[in-house]
Amino acid sequence: MPDAICVEGLAKRYGTLRAVDGVSFTVPEGRVFAFLGPNGAGKTTTVEILEGLRNRSAGSVQVLGLDPWKDGPELHEQIGVIPQEFRFFDKIHPREAVVYYARLFGSTVDPLAILRRVYLEKKADARFDTLSGGQKQKLGLALSLVNNPRVLFLDEPTTGLDPQARRGIWEVIRALRAEGRTVFLTTHYLEEASLLADQVAIIHRGQIISSGTPEQIIAAHGRPDRLRFEAGPEVARYLSGKLPFAVTNEPPYVDVELRRKQDALQVLTVLEASQLGWDHLSVARDTLEDVFVRLVGRMDDGVIKSEAS
Amino acid sequence: MKLRRIAADLPIVSRQFTRNPIGLFFSLVFPIILIGLFGLIFQNTGNNSVNLPVLLLDHSNESSSFLDALNATGLVNVQIWNNVSASEFSSKLYAAEAPVGLVIPPGFGAGVAAHTSINVTLYTDPGNPAASGTVYAAVNSAVTQLNFRAAGAHPVIGVHALTVGSKSFAYIDYLIPGLIGFAILTSPMFSMVELVSTYRKDGFFRQLSLTPLTRAEWLSSRILWYIGLTLVSAALMLLVGIEGFGAKVNIPLAMLPFLFVGPFLFVSLGMLAGSVAKSPETAAVIGNVVTFPMMFLSGTFFPTSTFSPPLLAIAKVLPLYYVIDGLNSVMLFGNSTRALTDFGIVLVISVVIFLAAIVTFKWREE
């Protein structure tokens with residue numbers, strides 16, 4: 001599968017500040033790529049360089065085989081973008097906005113059909129300045145679809161949306177992927193990245209500190225799976241003495257780290273033989289959010305360095 | 001530059017504008033209010049006769065002839081004040097806000113008949129040089145006539161007086177082209193300066209840069225919109241000026257080039273001013289600094305022919321001067337040569353400013 005986006009050694013400096021510092025990644029065509037990072041990590045600078053809104057200081061960037069800065073107009077015919085805070089002419093209605101964009105791009109669209117795709121058809125004839133934050137973002141999404149783009153850049157598209165509206169946008173993103181489009185998504189929401197992304201990169205202080213599928217990142221940086229049950233400290237002490245695994249006790253839970261799936265059988269056998277009381281068995285697993293918080297925290301503490309360095 | 005995209009942008013510009021009542025008011029209604037206001041203030045200035053209070057202390061045939069001669073000049077309208085003493089005449093004039101007054105002394109008739117020297121006394125107000133000058137000229141003319149008659153002589157040289165240009169103009173006639181120029185200047189300037197600076201601050205231009213619309217197309221659709229608005233506004237001003245205030249102006253097709261090039265110039269200048277400013281606040285200051293001198297010194301409210309040479313020199317560096325001078329040339333004087341020169345000057349300035357605006361106006365960052 002060819003790469004829709006190819007970034008190699010990308011850097012952006014403002015004076016002495018290195019906003020983006022040697023970032024490399026690729027996004028295969030037809031995939032959803034989530035770019036994660038805390039505020040000020042370099043997400044928006046990177047995405048704006050990919051969109052051709054900002055020039056780079058160093059490195060190479062190709063989007064659909066084009067240089068976004070030099071080939072901006074040609075690239076913009078093939079991509080769709082929602083900036084972080086989407087804005088539009090305040091007196092214009094969503095229906096008029098879609099017609100406007102369609103005319104600019106020279107494409108023929110049914111404005112209501114596009115608005116329906118982003119659940120905004122009921123507000124087709126409301127002035128932009130009367131729309132809620134979420135409805136404005138939806139219009140941004142609708143406009144980014146007008147030119148039938150191969151690649152979509154969505155910069156925090158669900159920030160500030162209510163849970164229902166957020167799920168609505170997720171549905172649209174899934175539909176876009178199903179249509180074979182590439183989606184470059186920056187987000188604060190780790191759950192969103194886990195649910196939607198085929199690939200994730202975590203950027204912090206201008207450098208990528210981890211990348212891969214969500215599972216790969218969790219496997220690489222997460223703690224092992226834990227067998228968890230509700231029990232008292234005597235159970236924790238008993239298991240520590242009988243098992244070669246790490247046992248932790250955070251009341252009311254006792255966690256036993258598993259090296260392999262089969263280790264669960266050994267834990268349960270020892271537990272049953274103890275004749276001690278326990279309840280509510282489950283498996284605890286790190287989420288992308290757990291890994292993200294730990295990675296960013298450890299980098300801030302100087303414990304780990306980025307993959308790039 | 002593609003017409004298709006300009007045609008797509010134009011309805012957005014027009015809806016943004018027409019859905020904003022304040023913009024419509026300042027573009028269409030405000031100039032008409034100005035015409036009404038200035039028209040009412042200066043309604044009588046076309047008729048130059050000045051009321052002249054006269055303290056008549058001599059009731060002879062000679063003083064009657066003198067007053068007839070004064071009235072006959074057409075410059076003054078003699079008003080005899082009764083029950084006023086010579087000592088209180090000056091203070092009464094002041095109280096009545098009369099800038100001029102004339103005293104015909106006792107024994108005037110007898111003096112004229114006896115060919116002995118006798119003076120009339122003329123009061124004038126240095127604060128109103130126009131009225132003073134007019135009355136002085138009228139009194140002088142009447143005095144000369146009586147002197148000739150007394151000497152048994154008659155004037156050899158006469159004066160045949162005509163107005164500059166081909167006909168006589170009232171203030172309202174000058175006001176119409178001036179205020180059309182005012183509308184051409186203010187409506188696009190104020191709106192573009194504000195628009196460009198706030199759109200840039202809000203990242204709106206970066207968003208538009210992701211569409212195929214180019215800066216030149218964006219600017220062109222706004223120029224076209226303001227040309228349309230100028231045509232409507234000029235038509236309304238002409239209607240109100242002619243029907244409401246009896247303005248006598250021509251409406252030649254030769255007006256059109258100025259109604260086209262004017263908005264072209266000031267939309268571009270507004271965009272340039274909005275582009276060079278770092279923030280909307282600075283933009284507003286730059287906009288005002290550029291706009292206000294033009295608003296008052298280009299012949300908008302007062303004909304530049306009344307300007308002193310230094311003021312005229314300043315007026316002549318302001319682009320709006322040439323727009324209004326051109327409009328005056330075609331609407332009042334029928335001077336197409338002068339209008340063509342004015343048009344050429346405005347066109348060159350406009351093209352330079354348009355190009356400067358396009359170069360300065362960036363909608364993405366390095």
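These legends describe close-up views of a predicted model. Residues are numbered from 1 along each chain as its sequence is written, and chains are lettered from A, with ligands numbered from 1, in the order in which they are written. Local features need pLDDT of at least 70, side-chain atom pairs count only at pLDDT 80 or more, totals for chains, interfaces and linings use all residues, and side-chain values use heavy atoms, with hydrogens and water left out.

**View 1. The two domains of chain B.** Domain 1 of chain B covers 50-163 and domain 2 covers 171-360; such bounds come from an automatic or database domain assignment. Between the C-alpha centres of these two domains of chain B the distance is 48 Å.

**View 2. An open sheet of 4 strands in chain B.** The strand order is β2-β1-β3-β4 (chain B), and the pairing is mixed. Strands (E, at least two residues) and helices (H or I, at least four) are DSSP runs numbered from the N terminus, and two strands pair if DSSP finds at least two bridges between them. At the edges lie β2 (76-80) and β4 (121-124) of chain B, each pairing on one side only. From one strand to the next, the twist averages 25°; angles run from 0 to 180 degrees between N-to-C directions, with axes fitted as lines to C-alpha atoms, for helices over the stretch in contact.

**View 3. Strand pairing and a packed helix in chain B.** Strand β3 (residues 100-104) of chain B pairs with β4(B) in the antiparallel sense over 4 bridges. Leu102(B) is opposite Leu122(B) of β4(B). Helix α3 (residues 61-72) of chain B packs on the sheet and touches β1 (50-56), β2 and β3 of chain B, where contact means heavy atoms within 4.5 Å. The direction of α3 makes about 145° with that of β2(B).

**View 4. A salt bridge between Arg56(A) and Asp67(A).** Their side chains meet at 3.0 Å, N to O; a salt bridge is a side-chain nitrogen of Lys or Arg within 4 Å of a carboxyl oxygen of Asp or Glu. Arg56(A) is in the loop between α1 (43-51) and β4 (58-63) of chain A, and Asp67(A) is in the loop between β4 and α2 (72-76) of chain A, 11 residues apart. Both Arg56(A) and Asp67(A) are buried, that is, under 20% relative accessible area, with exposed over 50% and partly exposed in between (1.4 Å probe, protein chains only).

**View 5. A salt bridge between Asp286(A) and Arg226(A).** The side chains of Asp286(A) and Arg226(A) meet at 3.5 Å, N to O. Asp286(A) counts as buried because its relative accessibility is 3%, and Arg226(A) is buried at 7%. Salt bridges with shared partners join Arg223(A), Arg226(A), Asp286(A) and Arg294(A) into one network.
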